[in-house]
Amino acid sequence: MKTERVYKHYYFIIQEERIIMGKTLVAYFSASATTARVAKELAQAAGADIYEIRPAVPYTDADLNWMDKKSRSSVEMNDRSSRPALADRDADIASYDTILLGFPIWWYVAPTIINSFLESYDFSGKKIVLFATSGGSGFGKTVDGLKPSVAADTVIVEGKLLNGRQTAESLKAWVETVL
Ligand SMILES: Cc1cc2nc3c(=O)[nH]c(=O)nc-3n(C[C@H](O)[C@H](O)[C@H](O)COP(=O)(O)O)c2cc1C
């Protein structure tokens with residue numbers, strides 16, 4: 001029946017919206033606000049919830065000095081088994097199927113606090129799509145560095161570098177390709 005077909009079509013659209021709006025979480029770490037800005041824009045464009053991954057001890061400017069071999073970030077990134085402590089472990093990961101996970105690129109990969117985050121929750125059966133900001137570097141071996149921190153059946157997708165100005169339309173279009 002025609003009415004039924006129309007009804008089914010609308011139902012499908014509602015289902016799609018629900019997937020985008022209700023079951024996707026944008027989780028991000030940002031040391032100097034660049035990734036935070038794009039994470040907020042992304043969550044808004046995707047109609048997703050948002051969660052900030054916060055370090056127990058915030059990074060100071062001195063901590064972020066990559067030219068200083070002894071700075072906190074240099075020391076942490078020189079030891080890929082370092083796991084900077086999180087401020088909290090209250091993300092409701094169980095409620096989401098897909099997590100858009102964002103961070104700045106540090107030394108060509110994700111900061112090790114992202115490993116801390118992944119090891120603090122159960123991501124099994126979930127899809128994690130990465131996004132990042134950087135001074136120009138790509139993801140490099142980021143996925144390889146994160147895989148050991150999740151279950152074997154967690155899917156990690158490289159996703160996209162979101163450097164520079166992003167429009168709501170382009171963010172929405174991208175999200176729709178990865179959900
Ligand atoms: C410790 C450290 C290492 C970095 N390493 C890289 C790098 O390897 N390649 C790159 O393009 N940018 C690198 N950057 C620049 C950041 O990725 C870039 O500024 C990012 O947008 C910062 O995001 P945030 O403000 O959310 O922390 C590094 C920055 C810091 C602090």
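Modeller: Phi of Trp107 is near 50°, a positive value in a residue that is not glycine. For Tyr108, also not a glycine, phi is positive as well, near 75°. Trp107 counts as partly exposed because it has 16 C-beta neighbours inside 10 Å. Tyr108 is likewise partly exposed, because its count inside 10 Å is 14 C-beta neighbours.

Turning to the sheet itself, 5 strands form an open sheet in the order β2-β1-β3-β4-β5, with parallel pairing. β2 (49–52) and β5 (155–161) stand at the edges with a single partner strand each, so one side of each has no neighbour in the sheet. On average, neighbouring strands of this sheet are turned by 25° against each other, direction ignored. Strand β1 (residues 24–28) pairs with β3 in the parallel sense over 5 bridges. Within this pairing, Val26 stands opposite Leu100 in β3.

As for confidence, the protein chain has a mean pLDDT of 91, and 88% of its residues reach 70 or more. Over residues 18–22, however, the pLDDT is below 50, and this stretch has 5 contacts in the model beyond near neighbours in sequence. Where pLDDT is low, predicted coordinates should not be read in detail.

Conventions. Residues are numbered from 1 along each chain as its sequence is written. This is a predicted model: local features need pLDDT of at least 70, side-chain atom pairs count only at pLDDT 80 or more; totals for chains, interfaces and linings use all residues. A residue is buried if 20 or more other C-beta atoms lie within 10 Å of its own, exposed if 12 or fewer, and partly exposed in between; C-beta atoms are placed from the backbone. pLDDT is the predictor's confidence in each residue, from 0 to 100. Two residues are in contact if their C-beta atoms, placed from the backbone, lie within 7 Å. Two strands pair if DSSP finds at least two bridges between them. Helices (H or I, at least four residues) and strands (E, at least two) are DSSP runs, numbered from the N terminus. Axes are lines fitted to C-alpha atoms, for helices over the stretch in contact, and angles run from 0 to 180 degrees between N-to-C directions.
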